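Please read the following report alongside the sequence and the model. It begins with the packing of helices and then turns to one residue and to the protein as a whole.

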Amino acid sequence: MRLRAYLLMLFVVAVWGSTFVLIKGALADATPAAFNLARMTLAFLVLAAVYYRAWGGIRRRQIAAGAMVGLCLAAGYQFQTIGLVRTTPSKSAFITGMVVVLVPLFSAIPGVRPPDARALRWNAIVGAALGFIGIVLLTAPTGSNTSGIAGLLPDFSSINIGDLLTFGCAISFAFHCIALSHTSPRIDFRPLALLQVGFCAVFMAASLGLLERPHVAWTPRLLAALAVASVLATAVAFSIQSWAQSILPSTHTALLLTMEPVFAWITSFLVTGERLGVRPATGALLILAGIAITELIPQAHVPTSHEA
């Protein structure tokens, strides 16, 4: 069961990474918040149809949990997509990758700590550090044309409003990951997926007029991107994530999410012919090493919420 959860979460991350090129092209036909709202609304309609039997079993406490998770999800997507307009894709990917560090850090706070969380062990700290360094090497721009070690260092000299908005995205996604760890062991993944995406669409609709003057041109490119992003990358993906996080610790899920830039690079290579250099390839290997060192080193068993 646990291996299946890891494999399905890896599939979800691969889907998210591979849709980068598709969505980037579609944003030429729609403003970011309008695209997000259309995506989440369509995803909610798909989930409402597929999980129609789950409506009758929804309870008040589940609605409150779905609203909390949906708020974190909406904030993450809004911060990320709007911030991407004002910063570079590589900086956006690097700053979003801070979720790798933020999840275990936030999980160490007693009032925030998920029920399945253990005290920070050396392998979790080392794994998170390797994943973070891998994100830097894979996505952050280099400082200059200098050679040697200096050529590997990222450039932090220019931080703009887009960078700050994207950091808000990392914080929001970290809390989304932790919120799922609190709620998914107590709520079936079907109503949880339905509620979180539904509330996400509601929060996006409420904030649309405050964030931008929405514009949408219904082109075939936009419709294709919405279909893939809504059904596969949202409805299916968040159903899997809601189920998987009832089994997997939130820190391990966060490390799996660091694979998203790897799949983005692979997709870019297949579609545009972009090749991985030594620096990003090293980052990809460090991410894999971080995942392995966190999960494969034996540790004492602590019962999950289901087992308790």
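At what angle do helix α3 and helix α9 pack, and how far apart are their axes? Helix α3 (residues 32–50) and helix α9 (residues 189–211) pack at an angle of about 155°, and their axes are 9 Å apart. The axes are lines fitted to C-alpha atoms, for helices over the stretch in contact, and angles run from 0 to 180 degrees between N-to-C directions. Helices are DSSP runs of H or I with at least four residues, strands are runs of E with at least two, and both are numbered from the N terminus.

This is a predicted model, in which local features need pLDDT of at least 70 and side-chain atom pairs count only at pLDDT 80 or more, while totals for chains, interfaces and linings use all residues. Residues are numbered from 1 along each chain as its sequence is written, and side-chain values use heavy atoms, with hydrogens and water left out.

Helix α9 also packs with helix α4 (residues 60–86), and the table sets out the two pairs.

| Pair | Angle | Axis distance |
|---|---|---|
| α3 and α9 | about 155° | 9 Å |
| α4 and α9 | about 45° | 7 Å |

Because angles under 35 degrees count as roughly parallel, over 145 as roughly antiparallel, 65 to 115 as roughly perpendicular and the rest as oblique, α3 and α9 are roughly antiparallel to each other, whereas α4 and α9 are oblique. A crossing is left-handed if the near helix is turned anticlockwise from the far one by less than a right angle, and right-handed if clockwise; the crossing of α3 and α9 is left-handed, and that of α4 and α9 is right-handed.

Contact here means heavy atoms within 4.5 Å. Among the residues where α4 meets α9 are Tyr-77 and Gln-78 in α4, and Phe-203 and Met-204 in α9. By class, this contact of α4 with α9 has 14 nonpolar, six polar and no charged residues. Where α3 meets α9, the residues include Asn-36 and Leu-37 in α3, and Ala-201 and Met-204 in α9.

Not counting residues up to four places away in sequence, Asn-36 touches Tyr-77, Gln-78, Thr-81 and Met-204.

Taken as a whole, the protein has 13 helices and zero strands, and buried residues make up 50% of its 308 residues.

Notes
Buried means under 20% relative accessible area, exposed over 50%, partly exposed in between (1.4 Å probe, protein chains only). Ala, Val, Leu, Ile, Met, Phe, Trp, Tyr, Cys and Pro count as nonpolar, Asp, Glu, Lys and Arg as charged, and the others, Gly among them, as polar.
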